[in-house]
Amino acid sequence: MSPAFAFFEPTDSEMVDRVFKKNVREGERRLMLAVLENAIEDFQKHVVAKDNRGKVLFQEAEEWILETNSPSFFSFENICAHLDLNPDYVRQGFMRWKESKQKAT
């Protein structure tokens, strides 16, 4: 049995546009997810940091999460919107988690 291949006319600009746009969208989603994961890591890892570097990383992550009116394509709210997450709900979770970790120390 031979493998199934999808053939399309190379001059079919509509097909090329759809494939390109899909790849771009998937790439953007992966990049947005990586940005969010990095902020989560800094937030969680440095929530009770004693060193200056850790404190700065935590503060930057927290400020990014709490910012509500950023026009940046990679703002927390925009990333949440593209990943189908409710930014207010996610923020509340971060703040509850932060409070519990700080109380435990």
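Patches here are built from residues with over 30% relative accessible area and no salt bridge, joining like charges within 9 Å and nonpolar side chains (Val, Leu, Ile, Met, Phe, Trp, Tyr) within 5 Å. A salt bridge, in turn, is a side-chain nitrogen of Lys or Arg within 4 Å of a carboxyl oxygen of Asp or Glu. The model is a predicted one, so to speak for all the views: local features need pLDDT of at least 70, side-chain atom pairs count only at pLDDT 80 or more, and totals for chains, interfaces and linings use all residues. Residues are numbered from 1 along each chain as its sequence is written, and side-chain values use heavy atoms, with hydrogens and water left out.

**View 1. A nonpolar patch sits on the surface.** Leu31, Phe73 and Phe74 make it up, with about 250 Å² of accessible area together (Shrake-Rupley, 1.4 Å probe; for residues, only the protein chains shown count as cover). Leu31 belongs to helix α1, residues 13–45 (helices are DSSP runs of H or I, at least four residues, and strands are runs of E, at least two, numbered from the N terminus). Leu31 counts as partly exposed because its relative accessibility is 44% (buried is under 20%, exposed over 50%, partly exposed in between, with a 1.4 Å probe and protein chains only).

**View 2. Leu33 is another residue of helix α1.** With 38% relative accessibility, Leu33 counts as partly exposed. Leu33 and His82 sit 49 residues apart in sequence, and their C-alpha atoms are 9.5 Å apart in space.

**View 3. His46 lies in the loop between α1 and α2.** Is His46 buried or exposed? It counts as buried, because its relative accessibility is 10%. Setting aside neighbours within four places in sequence, His46 is in contact with Gly54, Leu57 and Phe58 (contact means heavy atoms within 4.5 Å).

**View 4. Helix α2 packs with helix α4.** Helix α2 covers residues 52–66 and helix α4 residues 87–103; the angle is about 145 degrees and the axes are 10 Å apart (axes are lines fitted to C-alpha atoms, for helices over the stretch in contact, and angles run from 0 to 180 degrees between N-to-C directions). On the α2 side, Phe58, Glu62, Ile65 and Leu66 meet Arg91, Phe94, Met95 and Lys98 of α4.

**View 5. The whole chain, for context, has four helices and zero strands.** Of its 105 residues, 23% are buried. The accessible surface comes to about 8,000 Å², and carbon and sulfur atoms hold 55% of that.
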